[in-house]
Amino acid sequence: MPGAENAQRNTPLTELGALIDGRRVEVKVPATTANLGPGFDTLGLALAQYDDLVVTASATPGVSVDVSGVGAGEVPTDESHLVVRAIAHSLAHYGYALPGLHLEAHNTIPHGRGLGSSGAAISAGVIAARGLLAGIVDMSDADALVLATELEGHPDNVAPALFGGLTIAWMTPEGPQHKKLMVHRGVSPVVFVPEAEMSTALARSLQPESVPHEDAVFNVSRSALLIAALIQSPELLLAATEDKLHQNYRAAAMPETNRLISLLREAGLPAVVSGAGPSILVLASDPSQRLIAAELVAQHAETPWQARMLAVDVKGTVLSVS
């Protein structure tokens, strides 16, 4: 599938504003947590915390952005806003220029905390483009995943953001693929969010280019077990969330995260780094475990951490067009 840059380079983009002047698109996109311990760059889970966006198209050129909540006063308010960039990227893929746009974003997903804020913004932009093109172009789910992955670089966060639930994502010569699974109703996630941010690029830079064979085998076994634990046997989550591929290498960059995860796991709670961190995800096997985890963090944390007891989102990004 050719990218937007090829469409722009090879053919002039068609003006869209006059066709959809006044079209209003509403998008609700969930937070996500990736890796889940051993499932590095493969497993992701959508969580019931959301950014809500409204995009209004205009025949008059220009982009304006209003942001409330997380990121207000910090993120760009012009064409460089990540949601707008994702809209432009998606439209250009189908040969259309960005129309005049007004974006209203009410954000609750923390930035730089390992909860998929960039994947959510990209997914929201791609699905907003689907709404803007409704009746003109039919964007498939497979196309949406390709477009989002082109911008994000990997599909492990955008797949659950787009489709909800637990997702397995992988790359093929034909592009990114995913499989959505429903999580056992006994799984009760809780996320602990610190005040400090963590750069995903920095976290990735700490990964070695190769790992010992026995560590790779270890993670293959735990990843397989984790799927079974999440969809069928939550009592296996502690063993299933063991990891040797990424968390230890990143530990020095987020020492309190590492210390609290060790404390939680010693107490029998399946705690892992959420995405690139520094947030902590506990995949509790029942709601009472979440309360125990929250009490332990409150007692032993040296800096403020916010406990967010969240359900698993099963819908992914929701679109409405008017």
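**Chat about a predicted model**

Student: How far apart are the end C-alpha atoms of residues 242–295, and what is the span made of?
Tutor: Those end C-alpha atoms lie 22 Å apart. The span is 46% helix and 15% strand. Helices (H or I, at least four residues) and strands (E, at least two) are DSSP runs, numbered from the N terminus.

Student: And what should I know about the model itself?
Tutor: This is a predicted model: local features need pLDDT of at least 70, side-chain atom pairs count only at pLDDT 80 or more, and totals for chains, interfaces and linings use all residues. Residues are numbered from 1 along each chain as its sequence is written, and side-chain values use heavy atoms, with hydrogens and water left out.

Student: Which UniProt annotation covers 242–295?
Tutor: The unreviewed entry has "domain: GHMP kinase C-terminal" there. UniProt positions are in the numbering used here, feature names are shortened, and annotations may be inferred rather than shown by experiment.

Student: OK, sheets. In what order do the four strands of the open sheet come?
Tutor: The order is S8-S9-S7-S10, with antiparallel pairing. Two strands pair if DSSP finds at least two bridges between them.

Student: Which strands stand at the edges?
Tutor: Strand S8 (271–273) and strand S10 (305–309). Each has a single partner strand, so one side of each is left without a neighbour in the sheet. The twist averages 25° from one strand to the next.

Student: How many bridges join S8 to S9?
Tutor: Three, and the two strands run antiparallel. S9 covers residues 280–284. Valine 273 has isoleucine 280 in S9 as its bridge partner.

Student: Which strands does helix H11 touch?
Tutor: H11 (residues 255–266) packs on the sheet and touches S8, S9 and S10. Its direction makes about 160° with that of S8. Axes are lines fitted to C-alpha atoms, for helices over the stretch in contact, and angles run from 0 to 180 degrees between N-to-C directions. Contact means heavy atoms within 4.5 Å.

Student: And helix H12, what does that one touch?
Tutor: H12 (residues 287–300) packs on the sheet too, touching strand S7 (188–194), S9 and S10. The direction of H12 makes about 20° with that of S7.

Student: Switching to the core. Which members of the largest nonpolar core touch the most other members?
Tutor: Leu36, Val55, Ile87, Leu132, Leu166 and Leu230, out of 63 residues. A nonpolar core is a set of buried Ala, Val, Leu, Ile, Met, Phe, Trp, Tyr and Cys residues joined through side-chain atoms within 4.5 Å. Buried means under 20% relative accessible area, exposed over 50%, partly exposed in between (1.4 Å probe, protein chains only). Helix H4 (residues 117–132) gives the most to this core, with nine residues.

Student: Why does this core lie between domain 1 and domain 2?
Tutor: Domain 1 (19–179 + 313–321) and domain 2 (188–309) both give residues to the core, so it lies between them. The domain bounds come from an automatic or database domain assignment.

Student: What is leucine 230 in contact with?
Tutor: Leaving aside neighbours within four places in sequence, leucine 230 contacts Leu36, Leu166, Val183, His184, Val187, Leu237 and Leu283.

Student: Back to H4. Is serine 118 buried, partly exposed or exposed?
Tutor: Partly exposed, at 32% relative accessibility. Serine 118 is in H4. Not counting residues up to four places away in sequence, serine 118 touches Leu82 and Glu152.

Student: And glycine 119, buried or exposed?
Tutor: Buried, at 0% relative accessibility. Glycine 119 also sits in H4. Leaving aside neighbours within four places in sequence, glycine 119 contacts Glu152, Val158 and Ala161. The unreviewed UniProt entry lists a "binding site" whose residues include Ser118 and Gly119.

Student: Now strand S1. How many of its residues are buried?
Tutor: Eight of 11, so S1 (residues 24–34) is mostly covered. 11 bridges join S1 to strand S2 (residues 43–58), and the two run antiparallel. Arginine 24 stands opposite threonine 56 in S2.

Student: What does S1 do with S11?
Tutor: S1 and S11 (residues 318–321) pair in the antiparallel sense over four bridges. Glutamate 26 stands opposite serine 320 in S11.

Student: Last one. Where does threonine 317 lie?
Tutor: In the loop between S10 and S11. Threonine 317 is buried, with a relative accessible area of 11%. Not counting residues up to four places away in sequence, threonine 317 touches residues including Val27, Ser123 and Leu162.
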